[in-house]
Structure formats: structure tokens, C-alpha cells
Amino acid sequence: MTLQRKLLLGFSLMVVPALLVGVQAIRTNGLVRGTLESLGERLARSRTYAEVEDAMFNQTQVIWRYLSGDPAAKKEFPLTEQVVAFWLDRWTAGLPPDELKLADGVRGIEKDIRAVAGRVFKLHDAGRHDAAAVLARQELVERLQPALAEVNREIYRRAREFSVQAAFVQVAGIVDAERRVLWGIVALALAAGLLASWLISRSLARPLNELRHAMAVVGAGDLDHAIEPRSSDEIGELARAFAQMTERLRQSRAQLVQSEKLASIGQMAAGVAHGLRNPLASLRAAAQLAQRRVEGPAGAAREQLNAIIEQVDRLDQRIAHLLTFSRPAPFRPLLESVQTLVDGALSGFAELLRQHRVELGVTVPPTLREIRVDPMRLEQALTEIISNALDAMSNGGRLEIAAQSQIGDGGADGVLLEIADSGSGIPAEILPNLCEPFFTTRPEGTGLGLAIAKRYVEETGGRLDIASRIGHGTTVRIWLPIASGDAAPTPVRSLV
Amino acid sequence: MSGSTVLIVDDEQTLARSAKAFLADHGYEAEVAASGEKALELLERLQPDVVFADVRLPGMSGIDLLKRIREFDPVLPVIMLTAYGSIEGAVEAVKLGAFDYVKKPVDLEELKLLADRARENRLLKQELSYYRRRATRDVGFATMVGESPPSVRCSSGRVRSPLWRTRHRCC
């Protein structure tokens, strides 16, 4: 997971509790609103009942008005009946089932009022005014009004209890539940937050700590310290970049060490060359003169002198080798065909190949493109490699030189030149040291041949690798870049 | 061939003496100077046809000696000897008008061949100079014969590596 995603996840986790709190608040709000609505309904019903009560009071008032001599009142009575019926219907419509009994009571009383009214009107119309008034007082004032008052008390009591109290209890319940849920959310957020922060911080901090440690180690100079990027996020990439940087640093330090070594070799070589060549010159000249002046038959003395001259020349070659290695002439690249280079390198070996009884196989496809090298140097590099190969095959063998097109590491076109011998092979433990200057396994070697070859190949932008198996032989692989069409060889200023 | 004189300037006495003896065997009259200063003293008296000079000498260097020689004799062939592996000295020497450049250890045969060529070259130049003077005198037109580069002159001054030492020559 990338660092960005980790951070996103962390922040999302922080938002989750807030979301939960929000959801809970909305839910509670809904519940409270429901409770308030039902409370409102009950209060509205109480108001409706007040209208019922009022209408019924009007009904009785109409009866009293008729008795007190208002003939229009009798006609009004059916209207009051309708008004009462209207409000009663409205009131009972929203009534919960347990209160329907109360409604029945009210309806019974209303029915009784109507019955009493009928009888009272009849008595009054029959002229028995006193009897009507007595009946009205007995039935209405003494029986029905107290009964209605009783029912009213009950209804208002219930309204109080069931609306306000119930709402209070309900809201209290909701608040309690909300408190519990909120505590739950707090606990959950705490636990999840702690866990997630721990996981994320660990996955961020641990690789950073490791990287810091690696940087400290590398910073202290240990460039060989292994850096293993474990995470696949940005920190992992940082670690990889650091590992690459360290690797490049290591390589350039190795190159620096190598070039310092070469510089000191160069200084030493120049001094040694001068110091040795003067006495060698004297030695050679003296020997040559003596050889010329030796008296008598061309015998032993002349031969010895010849040997002295030969050895002087050999020593001089060694010195030249050392100087070539430490202070190479300027690099002069030219376009050259691989075939010409191989032929040039092999030209000096015909006699040696015969002496060592070595078969030669050369495979260079004619279609192979030209490479851009310093021909003198590359020929020398090949000469060194072939010379080594022949040394490894003192009892005969086969030398294969093959060239082919091959794409290099960087994707550049190139030519792979393989020089394979069937000699004794090189032990794996010394394989890495072969191209080190002054590394040699032969008592008469300078240890510079392969170092020179490697340097000449690498300055061309190529690579030199050596693979070997004991008893099977050694293969030197040289990869050289092909001259690209537009990159003409840089003209190198003439020396004179 | 007889009568040609060679001056060898080198502090390596064995080499100088061997070279002197070898050249003497081939008909040269050879003389040895161990330093540039001594060489300058000898030059007056000896009037050599060819000078071999080591680049590094005690005191005055071979290059300085070459410069001094050029001050009073622009055509005397001077062949530089050096024990250095580098060619920087060679380049400078040839630029300053050295006839050629030989790396130590030298082959005495090669030394002799170089001396022969240098001597011939000097003779040709002397002849040329003579004819030029005569032409000037006879015809009176100094400008009729122009300056031309010496005919046998190292054109590139290129110095081969020791592997090619036996083929050492100007090319």
C-alpha cells in the first residue's frame, strides 16, 4: 500500500466516529420528533374534547332557556345535537382503544341528555311547567351533570398522564439510549483509532527507522551495508533510491580507488621506466658491440650475447607494458569492422598457434556492423586475451572466436565477441581478481594484460566478462557498442 | 662515408662509449660528451654532421641543447634519445626541429641507420643551399629559387610504440 493510501485510510478512520455520532443524532432527532408529534396529537385531542364538553353544556343551556320561556330554543336543540355529534365524532376518531370506553360513557350521557330533553319538552308543552322544571333539575343538575363531570375528570387525568408523562418518559428513554450509543461510539472510536494509528505508524515508522539506520551506517562509510526495501510504498521507493545511490557511490568509490591506484602506478612506472631503461640501454649497446667484436668462430659467446640482448628487449617490453597500462596514449576511436580487428589481433599468433597445437575457429558474420573503437587498443586487448588463452592451452586445444549482434544492458545495439579456449580453466575464487592490475598466476607475467584489455574495452563503452570452468576452459565475452549512424568518430587532434 | 663526425651526448657512459665504438666500426668519427655544456664546447671544434642527444642530461637538458644548437646551426640533424616511455618529449623535440627521436634501449644498428640518413639529409641540404647560393650569384635574382621545405623531413613526427621499434622510421 502506498503512503498516500495509508494516510487516507488513517484520516478516514478518524472521520468514522464523527459520522456515527451524526447518524445517531439524526436518529434521536427523529425519535424525539415522533414523541413530540404524538404529544401534540394528544393535546389536540384534549382541545377537541373541550369543544365536546362545551357543546354539551350549550345543549343543557338550550333546555333551560326553553323552560324559562324562549320558544325558539326548542328548535335550536336539534342543532346543538348536531354540533355535539360533530365534535364527538372528531374526538373519538383519533382515540386510542383503551379510551373508547370513556367515549362510550360520554355518548351515554349525551343520549340521556337528549332523552331528558325530550321528556322535559313534552311536559312543558303539556303545560306542566313545574313538573318539567323539577324533572330537568333532577335529571340534568343532579344526575347527568355530575356524571359528566366525573367522566371529564377521568378524561383530563388520562390526557395529562398519557400525553405529557408518556412523552417525558419516552424522551428520557431516547436520551438514555443515545447516551449509551454515544459511549459505545466513543469506546469504538478509541479502540479503532488506537489500533489503526498503531498499525499505520508502525508501517510508516519502521521502514523509516530502518532507512535512517541504513543511512547512518552508509554515512559512516560502510557502503557495503545491505539495504533491503521491504515496503512497496513511497518509503520503499526512497529506500530503493538510496540503495541505488549507495551502489553507484560504491562503484564510483571503487573506480576512484582504481584510478588512484593507476595514478600511483603511473608515477611509479615513469620513474621505474627511466631508471631501468638507461642501464638497459647501456647493457644492450655493450652486448651488441661485444657480439660484433667477438673473435673466433661464431660460437658460444656470441650466443650468450644474443641472449643478453633478447632479455634486455624482453625487459623493455615489460616496461612498455607497464607504461601502456599506467599512461595510455590518447583514445582515438575509428569505425572498424570486427573481422579486421580479429584478423589484426590473430596476425601475430600464427606461429604460436602452431607451436601450441591449437586449432583455431573464427566465426564472424559478414553482415555484422562496424564498431567504433580505437583499433590499436582493441587489437592489443584481443592480443592480451588470446595470449592468455594460448598460455592456458600448453598441451593443445581449441580456440574459438565468435562474434554476433547483441543488444547491450542499456538497450544499445552492440556486438558480442566471445573468445573461448579449451584450456585448464580458472578457479572461481580468483575469477573476480583477474582484471586487477598486477594480479597474475604466472611467475613471468606482469599482471597487466587483462587489466589493459578490460580498460580498453570499457573506455569504448563496452563490457568485459570472464566465465570459466575448471577443466573445460575459459570464455571471455566482450560486448562493444555499434557505432550509431550519426555519431561520427570524434576527430582527435594529431599529436604533432 | 669517411670523415663524417657524430657527437653523442649522454651521461650513460657505457651506452655512449658502445655507440661511439659501433659507429667508429662503421666509419664514423664519433665523440662523446657527458653533458650539454660539454657538448656545446665540443661543437665548435668538432663540427659534427650528426648529433645524438639524450633528452635528460645532468644540468642543461637535451631539449635546451637542441635549442642552443638551432641558434647557430639551423640544419644540423639532432636525434633525441630518451628513456621515458612518453612521447611528450618527442613531440616537443620534433617541433623544435629534431631530426628524429629514438627510445632507449636503442639498437645500435638502428642508431647507425639513423646517422646515415641524417648525414645524407644534411648533405642534400648543403647541396641545396650551395645551388641556391650559386643561382643567386649567377642570375642575380634572389627570388627565383623559393624556399621549400626540406625534402627528407619527418612529415608527421610520429613515434611508434616499442612493438614497432624495428620499423622505426618517419612515415
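Me: A crossing is left-handed if the near helix is turned anticlockwise from the far one by less than a right angle, and right-handed if clockwise. What is the hand of the crossing of helix 4 of chain A and helix 5 of chain A?

Reply: Left-handed. This is a predicted model: local features need pLDDT of at least 70, side-chain atom pairs need 80 or more, and totals for chains, interfaces and linings use all residues. Residues are numbered from 1 along each chain as written, chains are lettered from A and ligands numbered from 1 in written order, and side-chain values use heavy atoms, without hydrogens or water.

Me: Which residues of helix 4 of chain A meet helix 5 of chain A?

Reply: Contact means heavy atoms within 4.5 Å. From helix 4 of chain A come A:Leu204, A:Pro207, A:Leu208, A:Leu211, A:Ala214, A:Met215 and A:Val218. They meet A:Ile235, A:Leu238, A:Ala239, A:Phe242 and A:Thr246 in helix 5 of chain A. By class, this contact has 11 nonpolar residues, one polar and no charged.

Me: What makes A:Thr80 buried?

Reply: Its relative accessibility is 11%. Buried means under 20% (exposed is over 50%, partly exposed in between; 1.4 Å probe, protein chains only). So A:Thr80 counts as buried. A:Thr80 lies in helix 2 (residues 72-93) of chain A. Leaving out residues up to four places away in sequence, A:Thr80 touches A:Gln59 and A:Val62.

Me: How do you know that strand 6 and strand 7 of chain A pair?

Reply: Pairing needs at least two bridges in DSSP. Strand 6 of chain A and strand 7 (residues 473-481) of chain A have seven, in the antiparallel sense. One facing couple is A:Ser468 and A:Thr474.

Me: Which residues make the covered face of strand 6 of chain A?

Reply: A:Leu464, A:Ile466 and A:Ser468. The uncovered face has A:Arg463, A:Asp465, A:Ala467 and A:Arg469.

Me: How many helices and strands does chain B have?

Reply: Five helices and five strands. DSSP runs define both (helices are H or I, at least four residues; strands are E, at least two). From the N terminus, chain B reads β-α-β-α-β-α-β-α-β-α. Of its 171 residues, 49% count as buried.

How values were computed. Ala, Val, Leu, Ile, Met, Phe, Trp, Tyr, Cys and Pro count as nonpolar, Asp, Glu, Lys and Arg as charged, and the others, Gly among them, as polar.
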